[in-house]
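Subject: Structure for your review

Dear colleague,

Please find the structure below, followed by an account of what was found in it.

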Amino acid sequence: MNVILVLVGFSLVVALAGLIAFFWSVRTGQYDDPYGSSVRILFDDEKPNEPGTVVPCEKEDPTNQI
Amino acid sequence: MKPGEAKKSKQMRSTKIHHIVYFCAMTKNEASVRCFHCGEDCGSNIIQFEEKPFCCSGCQTVYEILSKSNSVEYYKLGEHPGLKNNSAALGQRYDFLDNDEIKSEILDFSDNGVSRVKFFIPNIHCSSCIWLLENLHRLQPGIMNSAVHFTKKEATFTFHESGITLRGLVELLASINYAPYISLESVDKRPKKSINRGVYYRLGVAGFCFGNIMLFSFPSYLTIDDSVEHFIRQNFGILNILLGIPVAFYSGSGFFISAYKGLKKRFISIDLPIAIGILALFFRSAYEIISGSGPGFMDSLAGLLFFLLIGKWYQGLTYQALSFERDYRSYFPVAVTLISDSGQESVLPLKHLKTGMRILVRNTELVPADAILVKGEGYIDYSFVSGESDAVKKEEGQRIFAGGKQMGPAIELLIEKEVTQSRLTELWNQKQSNDTRQNNMESLIDVISRYFTVVILILAFVSGLVWWFINPSQAALVVTSILIVACPCALAMTLPFSFGGAMRVFGRNGFYVKRSSVIESLSRINTIVLDKTGTLTKTHDLDANLENLELKGDSLNLVRSLARHSTHPMSVAVYQALPNANPLPVTDFKEHTSKGTEGKVNNLHIKLGSEEFVLGSRSAGKPAGSLFVSIDGMPSGYIILKHKYRDGMREVLTALGEKYELHLLSGDNDAELPVLLEYFASPEHLNFNQGPLEKLSYVRKLKAEGKRVMMIGDGLNDAGALNESDCGISIADDVYNFSPSCDAILESRQFGKLADFLSFSKTSKRIVILSMLFSFFYNLIGLSFAISGNLTPIVSAILMPLSSVSVILLITVATYLASASAKLNIAYSV
């Protein structure tokens, strides 16, 4: 019978980890803007110099140097 | 499609996706070419740039900026994602952002040359906007990082001061048409509206415990042999108590606090019976488990709180990007241009503005305080204050009140009163006391829960007393059972879900309410007060009356050809009203702000504009808002312009007139009385020449007569009346930009649906009553178990979730059906 208690303990720990993960996601603001997150994931990663796009000017404005 | 165009679109198809988008747009609507950037009809002046059509140079510029910085991705994410830029050139508009004091107030954080700032940007509207703003560093390497909060239409930028200044950032945003909304309010008090995440934490804890408690409670509902049962009951029971503590006292803490606050104000809210129920559930279960007399009701407790918190969360969902609490500070600029004695111009934060100072007010800038005009010609547009958009001419030495907008060349003013003491701001201070205003409406749920609680407490007491005589050991059990099943869980779910559902249906249809309880106020009003200018009439569309024009035949086309060249609403109205003919070429065309236009057509000098501009002097007796015409100096009569009534006004007013008592409050003269009289029950209900204070006291008077008043208005002149009424609705062309404080904002295009909204609010209330009856039915079943002493944990564990879920289902289906039959767009999601 005691093995049940051990398993229950394990299951509680796993569930607790889920709860902590949920707290973390709330705290980091993942539920604040559901629409924004839903589209952001669909944005393509940058593909530099894709044919057809205009290549940005190489000469940089010196005032914009960081 | 012309052969040339076909060839062109063939080329495009071969290259890139956004070309395909363009191709689709073209084939869909071959007659008109749509702007590649904003999607508006390009009309006859198409600007071709890199084989793409643009409607104006503004849209082309934005495209150019984006394509240079390798950001054409913007156009792939949605069809025509841009917005047309209607504002004039930036000029010195953002001068004030170079002022250190203002800068430090606007910036969230600044250290070591790195600054962070958060802006409200009303133009954020689609996924392309998010992409572009978050990739702004491509346009300007000084920007390190940007993040968009779509729901709030906010964007946070982190940038190197050495790479780009705050002013540069704002000007960059404005140049790609995402001008941030910077007003006195954003500087005055940083509204640190921390997002309330508490309900998420509580919900998470309740959900976690609910799941585990159910698991641990399940074995006790099965018949297992005694030794196992004892083992399980003891160990799992203790686990249940441990899990029950955070549910009852953390997740449920909101109900205790609210019940206690209510009691302190001698007020019984729905949260009181809930709080009693939670306590009864917890302590009865703990007692049963510890004494070993039963498995307890912890699963019911956790389920109850889980469902209640879902209701609370749903209720808390509101339109975050809309502001319902605006006051004059949202309209006022952050800074003014000060002119020193030596004639030097400098930027001065508005809060340092004192009487006796000289300031410069440029075209389209707002006059921030009551002042005297000392230099220049004032054409003051008081539409913020009065709702009347015709500019008023002011001569040197005349007084200009705060809130007016200069429509013409820059003027110099001498400040007479400080900002907080001006006429406009005093009007706002008139109606501060929101709590003290007479309230003719008490929330339905409050009334019901008061009787409900009293009845339940009496019932528990009487049953306990009766059982005391029958079987004293059962008395405590019966009393707690009654308190448990009486816990009005389903009842508490009714309001958030039905009014919350209605709120979302309204939102889909362009009617945004502040919170779901406004729906209840809407359903109970019986009197409607309407503003005229800007509410019943359109803000920009004018009707031209040609009766007094002394021109015939070809001469009309001279005026029409001239009017064609101006985009001013008045010219557009004249152009549309004059008979159709081929336009003639116009030379020497000139447009004078707030005065009129002139030009040469067929070698004749045509003037179209104000009486003073055309004829050189003003005469009495001509209606305001008339346009005068002269041909080669010969006066040729005038055109009367009137604001057009909104589409569907007749239907709306007729429908509303059947059910409500209608009143009209207009700031204008009574010229329109004959047109409007038919919609109102008596001429006494039509009131003209009403100032802001008169409007407010009129609404107050109606309320004193016991009427439940809804006010609909648009300008700041209605703000007092809107706030005084039981339900204030402001009507706006752009809901994100401009509206006085109110309970709900109506998109002006949806004005025709107003009667539908009101009748839907009544339907929604009927749904509430229906589902309340439904939940009372469950309570009756539960009470019959409890009073007879038969409430076992399993009955409670079935009955409680069943009642909550079925009530939510009933409401959702009923709201869905009702909105379908009311021909409102249906909201099926949050």
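Predicted model: local features only at pLDDT ≥ 70, side-chain atom pairs only at ≥ 80, totals over all residues.

Two strands are said to pair if DSSP finds at least two bridges between them. Strands (E, at least two residues) and helices (H or I, at least four) are DSSP runs, numbered from the N terminus.

Residues are numbered from 1 along each chain as its sequence is written, chains are lettered from A and ligands numbered from 1 in the order in which they are written, and side-chain values use heavy atoms, with hydrogens and water left out.

Confidence

The pLDDT is the predictor's confidence in each residue, from 0 to 100. For chain B it averages 80, and 86% of the residues score at least 70.

Strand β17 and its surroundings

Strand β17 (residues 527-531) of chain B runs parallel to β24 (residues 661-665) of chain B, to which five bridges join it. The pairing of β17(B) with β26 (residues 709-713) of chain B is likewise parallel and has four bridges. Five of the five residues of β17(B) are buried (under 20% relative accessible area, with over 50% counted as exposed and the range in between as partly exposed; 1.4 Å probe, protein chains only). On one side these are B:T527, B:V529 and B:D531, and on the other B:I528 and B:L530.

Helix α19 (residues 517-524) of chain B is also mostly covered, with six of its eight residues buried. The buried residues of α19(B) pack against several elements of chain B, including β26, β27 (727-732) and α27 (754-787).

B:K695 lies in helix α25 of chain B and has a relative accessibility of 0%, so it counts as buried. Its side chain makes a polar contact of 2.7 Å with that of B:D718 (a pair of N or O atoms within 3.5 Å; within protein, one must be able to donate a hydrogen and the other to accept it, and residues adjacent in sequence count only if both atoms are side-chain atoms). Leaving aside neighbours within four places in sequence, the residues in contact with B:K695 include B:D531 and B:L665.

Positive phi values

Most residues other than glycine have a negative phi. B:K153 has a positive phi of about 55° although it is not a glycine; B:K153 is in the loop between β5 (143-149) and β6 (154-160) of chain B and is buried at 7% relative accessible area. B:N689 also has a positive phi of about 55°, but B:N689 is exposed, at 53% relative accessibility.

Aromatic rings

Rings of Phe, Tyr and Trp (its six-membered ring) pair if their centres lie within 6.5 Å; planes under 30 degrees apart count as stacked, over 60 as edge-to-face and the rest as tilted. The structure holds 25 aromatic pairs over all chains. The rings of A:F23 and B:Y201 have centres 5.0 Å apart and planes at 70°, so this pair is edge-to-face. The pair crosses between chains, from helix α1 (residues 2-27) of chain A to helix α9 of chain B. A:F23 is partly exposed at 25% relative accessibility, whereas B:Y201 is buried at 13%. Another pair, A:Y35 and B:F150, is tilted because the centres are 4.2 Å apart and the planes at 35°. A:Y35 lies in helix α2 (residues 34-40) of chain A and B:F150 in the loop between β5 and β6 of chain B, so this pair also joins two chains. Within chain B, ring pairs link B:F249, B:F256, B:F282 and B:F283 into a cluster.

With kind regards

How values were computed:
Contact = heavy atoms within 4.5 Å.
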